[in-house]
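Me: Can you walk me through this one? I'd like to start with the sheets and then look at a helix pair.

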Amino acid sequence: MNPALITTQEAVDPVFWFILGISAVMLLGITATMIWFVIRYRRSRCPEPTSQVDSNLTLEVIWIVVPTVIVMAMFYFGWAGYLALRNVPPDAMEVTATARMWSWDFEYPGGRHSDRLFVPAGRPVKVRLLSADVLHAFYVPAFRIKRDTVPGMENYVWFVAGEEGSYDIFCAEYCGIGHADMHTTVEAVSPAEFEEWLAGMDGAKETEKGRELLARYGCLSCHSLDGSKLVGPSFKGIGGRQVRVITEGKERTLTSDDGYLERSILTPGADVVVGYPPVMPGYEGKISARELREIIGYLSRIGRPGNPPADSGTKPRLDGAAIVRRQGCLGCHSTDGSRKVGPSFKGLYGSERRLEGGRTLRADEDYVTRALREPNADVAEGYPPVMPPYPRLSAEEIEAIVEWLENLQ
């Protein structure tokens, strides 16, 4: 760790103790003076005022100058500490924290996600703060940092975990019924262990990355990988094939090359495939250049001669637990049977669920799918109807979640 680096703890603690010390001295001094005046000038001893003094220049100078010096000193140290909290070291590792009701999602360099914040001990870490819904606050007492996460506005904090260990993260802004459960941790590990962990997370094949991105952005809800027709054209064999499109009202034939695929993702209304509705949203400004390259590379390969088909046994097996964590489900649902905002996931699959209104349903695949697509259709008895819908989840992701729930008994 840089020995000249002033950490957030070192910036905050001296100011706190300085202000606390001054406050304690003032409290004791004023209290002692009041007690002395009560005893010295009590009515039984001095029934009538005898002093004829109407001013004391020395006393007036003291009680003006001394408080002014103290307040200015508090301001100076407070301002210096604030600058230290806002000036991020240039070598800081950047992590994006997205707050949602009622969980945290952390994204690392390379696009990996986790529900706990893993950091290398001794290295500065900048945390970009985003909110997916309402006002939250990122609060880590151990590092003396607290900052609001505001919808539509990017904020940030930074810190250094000087020692390995686990440190609590709380939401310090009331954000709804599950606010008290919006808790996770900073896991500070050795730099070598962190690099090994991050490399293990990034070790997926390029094919898996491309497919994972398609699933994350909801593309697989409208485009199949096996040739079947959905809302949009199938991705199977899309790379390099001839496509009949409508451009500015005129029908023409294009080759599905990288340029066409990029244009179709960023501005899908430019070339609409004949026979399909122009309902796809544009992803310009919503997807990074790296992710765009990975998706185009994946689409260019699948279904071509010499490459495995998109639905072959080489496709990645989606991790239901990871999807649940990434979507913030564990902010409202426990995995150990304990009661939170929503029903516990433990033992959920296959059980009989009593719903509002007295109906009873079996928690099978249809029930789970409906709960994710239309959560207010079947509200569990005794729980508030606060769950948002998840229309961007693909069929493969829902299948992975169902499989995970089935094994969580």
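Reply: Here is a short tour of strands and helices. This is a predicted model, where local features need pLDDT of at least 70, side-chain atom pairs count only at pLDDT 80 or more, and totals for chains, interfaces and linings use all residues. Residues are numbered from 1 along each chain as its sequence is written, and side-chain values use heavy atoms, with hydrogens and water left out.

Me: What is the strand order in the open sheet with S4?
Reply: The order is S4-S10-S9-S6-S7, with mixed pairing. Strands are DSSP runs (E, at least two residues), numbered from the N terminus. Two strands pair if DSSP finds at least two bridges between them.

Me: Which strands stand at the edges?
Reply: S4 (117–120) and S7 (145–149). Each has a single partner strand, so one side of each is left without a neighbour in the sheet.

Me: How do S6 and S9 run?
Reply: They run antiparallel, joined by two bridges. Tyr139 has Phe170 in S9 as its bridge partner.

Me: And S1 with S5, how many bridges?
Reply: Seven, in the parallel sense. Val95 stands opposite Val127 in S5. Both strands belong to an open sheet of five, ordered S3-S2-S1-S5-S8.

Me: New topic. At what angle do H8 and H9 pack?
Reply: About 125°, with their axes 10 Å apart. Helices are DSSP runs too (H or I, at least four residues). Axes are lines fitted to C-alpha atoms, for helices over the stretch in contact, and angles run from 0 to 180 degrees between N-to-C directions.

Me: Which residues of H8 make the contact?
Reply: Glu365, Val368, Thr369, Leu372 and Arg373. Contact means heavy atoms within 4.5 Å.
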